[in-house]
Amino acid sequence: MAGRLAVRNVGLVIEVHDLTRRYGGVSAVRNVSFRLEPGVLHGIVGPAGAGKSTTLRLMVGLDRATSGWCLFDGRSYRDLAYPLREVGVLLAPTPAHPGRTGRDHLRILARTHGIPDRRADEVLEMTGLADVARLRAGAYSPGLRQRLGLAGALLGDPPALLLDDPAAGLDPDGVAWLRVLLRTLAREGRAVLVTGRLTGELASDVDRLVILGRGRVLADAPTAEVISRNTVPAVRVRPDRPDDLEKLLRGHGAAVALRPDGRLEITGLTSADIAGLAVRAGILLIENTPVHASLDDVYLALARGR
Amino acid sequence: MIRLVAAEWLKLRTLKSLWVCAGTALVLTPAAATLSRLLAAAVLQAMIIVLAAVVPGSEFATGTIRTTFLATPRRIAVMIAKALVVTVVAAVLGGGCLMLTYAVDVRYGTVVGRLAVDIGYCVLVALFAFAVTLAVKHTASAVSLALSAVLLVRLVLMVVSMMFGADPSTALWNL
């Protein structure tokens, strides 16, 4: 079943166009547009309240958009005859009736699509729930519950997955497992979307980033590009003679800042440049590390730019 | 639609509430009938109302209604499937309880003719409770609302029928 469905449906394109949702006078989401491509792992990241979950709910019709639309190969979610076979959705937090077993939860979903119970057992196995499948969901830890939600999203073997904060509740082992799963799903040709916080576990894993802030799209580009375009690369060094190095580098046009931990943070020169200059001046560098800008920095830069 | 009904039936079947309500109704209705037919009717109605309210109520309470609508975005179809399941369950449970009640108390007389009417009444009560739950989206408030409404209607009907000089025991909705 897995192979057949994936082949049949592969290449689903999801288009979000000018999505807006106002509650009263307040816009939760404003003119959000992006496109999800097959085989690509996408991330919507932003601070709390940026509109990530709202965007996802609007996409699948759980909330009504004030204007704009989201189309799955040209059809809205409500027009999909068998949505579980086209788009797998993980909601945050994962809803499950506490009195029902995880397996029954999935069997009910499967019934609506004529999916055999065998497939429910398959996804339980895939998500590491086989041992607890016959326990009541009320007894599940947050991590297990999250896995149950993922199992539900995978049930119809859909070519697209929309996962709201999939790492929530997972322990470090679970996050590592999820990383591999997401990468595998994308490599199989599926369009995968995850939402997360800027400092989230998955934010740096995704191929393409949509950064949301206050309901607007601040950036939408490949991850590396978003980071390099919006931050200045910096290098942190720990020299034996900080004052001399500072003078030397300033003389070469670099900006130097002394950090509270005694290291110097330098922008305007690469770490190779700095090493070369230090050697020639007889200054010993105990540390010389390029600093990767965090998405927090990117967000702050973008938010300032607005 | 058959798939939706199958899913809804599985959903109800995997809830403890169904078996608790059904068991309670099957035991208490005939037991109450040995005391008073009014009490028996009240017990059966209460159980049917709880059951009908639990079907949508449990989904609103746990948020699983969102999962349901994701799997089936045609919300009206979902509700029709639920209503069908409620109808059948109410009819079967009502029929079972009534037959047991008649077995306990043969004074109920012309059984077969009454049974059809009474089962129809059970279904009406169930669908009413179901609709109330859809409106208030909360199981407990729906149960109390529906129960008081049903008991009140019953009271009003009895008073009205007595005002017109009818013998209340021959009234149509008299379970």
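Trainee: In S7(A), which residue does Leu162(A) stand opposite?

Mentor: Leu162(A) stands opposite Leu193(A). This is a predicted model, where local features need pLDDT of at least 70, side-chain atom pairs count only at pLDDT 80 or more, and totals for chains, interfaces and linings use all residues. Residues are numbered from 1 along each chain as its sequence is written, and chains are lettered from A and ligands numbered from 1 in the order in which they are written.

Trainee: How many bridges join S6(A) to S7(A)?

Mentor: Four, and the two strands run parallel. Strands pair if DSSP finds at least two bridges between them; strands (E, at least two residues) and helices (H or I, at least four) are DSSP runs, numbered from the N terminus.

Trainee: And where does the chain cross from S6(A) to S7(A)?

Mentor: Through helix H7 (residues 172-187) of chain A, in a right-handed β-α-β crossover. Right-handed means that, with the strands pointing away from the viewer, the path from the first strand over the helix to the second runs clockwise.

Trainee: Are the faces of S6(A) buried or exposed?

Mentor: Buried: Ala160(A) and Leu162(A) on one side, Leu161(A) and Leu163(A) on the other. Buried is 20 or more other C-beta atoms within 10 Å of the residue's own, exposed 12 or fewer, partly exposed in between, with C-beta atoms placed from the backbone.

Trainee: Switching to chain B. How many helices?

Mentor: Seven, with zero strands. Of its 175 residues, 35% count as buried.

Trainee: How many residues of chain B are in contact with chain A?

Mentor: 20, against 25 residues of chain A. Contact means C-beta atoms, placed from the backbone, within 7 Å.

Key: Contact = placed C-beta atoms within 7 Å.
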